[in-house]
Each structure stands twice: as C-alpha cells, then as structure tokens.
Amino acid sequence: MGERKYFGTDGIRGRANTRPMTAEIALRVGLAAGKLFMSGDDRRHLVVIGKDTRLSGYMIEPALVAGFASVGMDVRTFGPIPTPGVAMMTRSMRADLGVMISASHNDYADNGIKLFGPDGYKLSDEIELKIEAMMDAGLDEGLAPSNRLGRVKRIDDAPPRYIEIAKSAFPRHLSLAGLRIAIDCANGAGYRVAPTTLFELGAEVCAVGVSPNGTNINADCGSTHPETLAAAVKQYRADIGIALDGDADRLIVCDETGKVVDGDQIMALIGRDWARRGLLKGGGVVATVMSNLGLERALTGEGLTLERTKVGDRYVMERMREGGFNLGGEQSGHLILHDHATTGDGLMAALQVLAVLVESGRPMSELARQFDPVPQLLQNVRFTGGKPLEDAKVKAAIAEAEAALAGQGRLLVRPSGTEKLIRVMAEGDDEALVKQVVADVAAAVKAAG
C-alpha cells in the first residue's frame, strides 16, 4: 500500500483551516471523488453530504459541494445528522457516494471528511489511495461542460427518516414507557434525533448537550467526558444514562448510580442477549486487540468466540463481513450492529441495551457487570525519531514481558496511527506483574527513541 498523504485511519482529519482540513483540500476531495465515482455512463450521479455541528462545517461543506457539482455530480445536503444516518441515506437514496463532515470525538477546532460507498460502507484503503492520487491533479482538469454541472438541493427530512430507521431496530413488543433516560448528545450531530427517538418510543427524556453553537461540540460533554452524564443521571434520578460522541457513532452508558459502563461490557450484554434469542450470527463477536481479556473469557464461557482485529472500526467491519458476524465493536463504545447499520451507531446500540433493560426488569447496575475486567494498563510513550520497535533491546524487553505473562495475560505494543507515540498495553490476572511489564517495555522504548 502506498504512503498516505491525506487520509488517516478514519478519513481525512485535521485542524480546521490548516492543511489538510482547508477549503482547497475539501474542493479537491469533491473533484477527485466525484470523477472517480462518475462511472462514465450517461446517467446523473448523486452524492449525499451530512455534517455535525462544528463551525468549520460551514466552510468545508460548500467547498465539497463546489467540487462535486463542477465535475457534474448532483448533490443533496442534509445538515446535521449522525454519521450512520449518512451511511443509511446513501443507500436509501441510491447515491453513488456519501460524505460525512465530522471529527467525531475531537474538539470543535478539528474537522474531518469521511466517505461512504454506494453500499453504505466506508471506502477501502485502495479507493482512498486512488482519490489521493487524483487530488493532486490540476483544479481545472476533467470539469463538466456548463450544461452538465451538478444540481444541488437541501433535503430537510433526512433526520426524521433516520429516526424511523432507528426506531425499527427496537423490538416492536417493547416500549420505553416508565423509563427515565438521561442522554448527553455532546452538542453534536445527534442533538435532535437521539432525544426524539427515545421520546417517541415512550421514554421520559432528560437531555443535556443539546444546544450546539458551533464551538461547544464535545466540550466537557459527550462520550469523552462521561462525568457530565454521570452528574445528569444523579440530578434527574434517571434509570440509565447514554452519552454519544460528536458524530453519534459511538456511545458510553452509565448505570443508575452514575457508574460508567464501557464498550466491552455493552458488547457482552448485547452479545449474550442476542445469543439467547437466537439472533447472534457468526458464533461470536468481533472486537479489537484493545478489548479486555475478561470479555473474551465471558464469551468463551458461553461457547461464543471473540475475534480480534487491528484498532479501528473499519477493520472490525471488514472482519464482520468476511465471517458473517452481526455484532462487533471497540472498547471505546464504537458498536456495529450489522443487521441494522453498516457502520458504528451509538443510538442503535443504546436501543439494544434499553431493550435488555426493559425486558429483564433489572436495574442497569446489575446488567452492567457482565464480567470482571482483567487488570489492564495502557501507557503511551512519546518518541522523537527512528523506529523504536525495531531496536534489539526493545525486542528483547517485549519477549521477556510476553514470557512473564504467558498463559495468564497478554501484551500489546503498537505505534499510534496519528501521533509519534508507541502504545504499550498489558493485561493479566496479576496486577503487580502487569504494571511491571508495562514499565519495563516503556523504559526500553524510551531509551531507544
């Protein structure tokens, strides 16, 4: 695979108004992706565009629209809508391409561009590299003649359509009546659709993080700041708390005492429930190398498997499609319910948790403890240059650590995809040993880098 210039692990992302997140680069994305997805036949081609609530969306969106329209692609814009809503609407409107403008859980100063193919799945690495190669061409190449320019239209009913699709994922025989739910929408893309969905299913909704102003997305709220949700749960005496991130594709849950429940416990909860109801496909769950060993043991104890992938929801999705799985996700709360969505969806995942809560009649604090997590420690080690993981002493330290943990834990050492960091993670039943091996490997990396 070639060296990436613009695309990272999840689309193009960066500080707004500095490369690669400038209006010019957004224009180039529109030109390049538009040309690539105009399959050469004579029909009209269509791209749909959604965004979160960042101020810079007002700069990125028109630049993308100009690029697509200038190569002859018709454009439909949705305004603020969750990332999974864009994936759904790409399929529903038979579009050739879907675009989401968001930097997910980052603060407002960042923004990003994610692309979805006509099937609603994130584009492959190969297609992203093709787009990159075309982005550096001249801006006046391959433009449509003036009578073939794209037409642009705003679609106002995209959010209500998404609400209907989300509600259909909640079992028909159940209702949320009598349940008080605190929800934190991170002042982001789900600020309208998420509370409305819960309200229409019968819940009493106490919503925070629903007053976006362009600069307060993820600011001390949402899934990255669960303390705000925990406070809301206590303040409103809610039965459960749900926090989304800026583009609403992931969730964190709080029980009624305000205790945070991570993505691993939620995967175990939904996985076991679906297995009992005969709904789980593939014989298990797909997660990443970061998921806790306790999750693996809980699933294998019930005859289910846990398959692990590289970090990144796109890799989870690829493995799910290959192996016929319908449940997967990340410890961070990125959950993919393949029967309902082609990408992570915080609201859909929340509805599955709520279905178990309603059906069981038990408090969330009981349901939240699906397994005892194995002690897990992650340390990020910054390095200045070189390749510390190729250093002989680092390799020796890793080998020693793996031998020490053999049979009762595991070690994971990997470079960050976005920064000059080496991530050292270990987990095992013996907490003191876990701390020791992480310290030893981190020290070796520091010495080498």
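Lys122 is buried in this predicted model, because its relative accessible area is 17%, under the 20% limit for that class. As for its place in the chain, Lys122 sits in the loop that connects β6, residues 110-116, with α4, residues 125-135.

Which side chains form polar contacts with the side chain of Lys122? One is Asp10, joined to Lys122 by a polar contact of 3.1 Å. Another is Asp313, where the polar contact between the side chains is 2.9 Å. Leaving aside residues up to four places away in sequence, Lys122 touches Asp10, Lys114, Leu115, Phe116, Asp313 and Thr343.

Five strands form an open sheet in the order β9-β8-β10-β11-β12, and their pairing is mixed. At its edges are β9, residues 204-208, and β12, residues 260-261, each of which pairs on one side only. In general, the strands of a sheet pair through backbone hydrogen bonds, either parallel or antiparallel.

How do β8 and β9 run, and how many bridges join them? The two strands run parallel, and five bridges join β8, residues 180-184, to β9. Within this pair, Ala182 has Cys206 of β9 as its bridge partner.

Helix α11, residues 346-360, lies across β8, β10 and β11. Here β10 spans residues 240-244 and β11 spans residues 251-254. The direction of α11 is at about 165° to that of β10.

Key
Residues are numbered from 1 along each chain as its sequence is written. This is a predicted model: local features need pLDDT of at least 70, side-chain atom pairs count only at pLDDT 80 or more; totals for chains, interfaces and linings use all residues. Side-chain values use heavy atoms; hydrogens and water are left out. Helices (H or I, at least four residues) and strands (E, at least two) are DSSP runs, numbered from the N terminus. Buried means under 20% relative accessible area, exposed over 50%, partly exposed in between (1.4 Å probe, protein chains only). A polar contact is a pair of N or O atoms within 3.5 Å; within protein, one must be able to donate a hydrogen and the other to accept it, and residues adjacent in sequence count only if both atoms are side-chain atoms. Contact means heavy atoms within 4.5 Å. Two strands pair if DSSP finds at least two bridges between them. Axes are lines fitted to C-alpha atoms, for helices over the stretch in contact, and angles run from 0 to 180 degrees between N-to-C directions.
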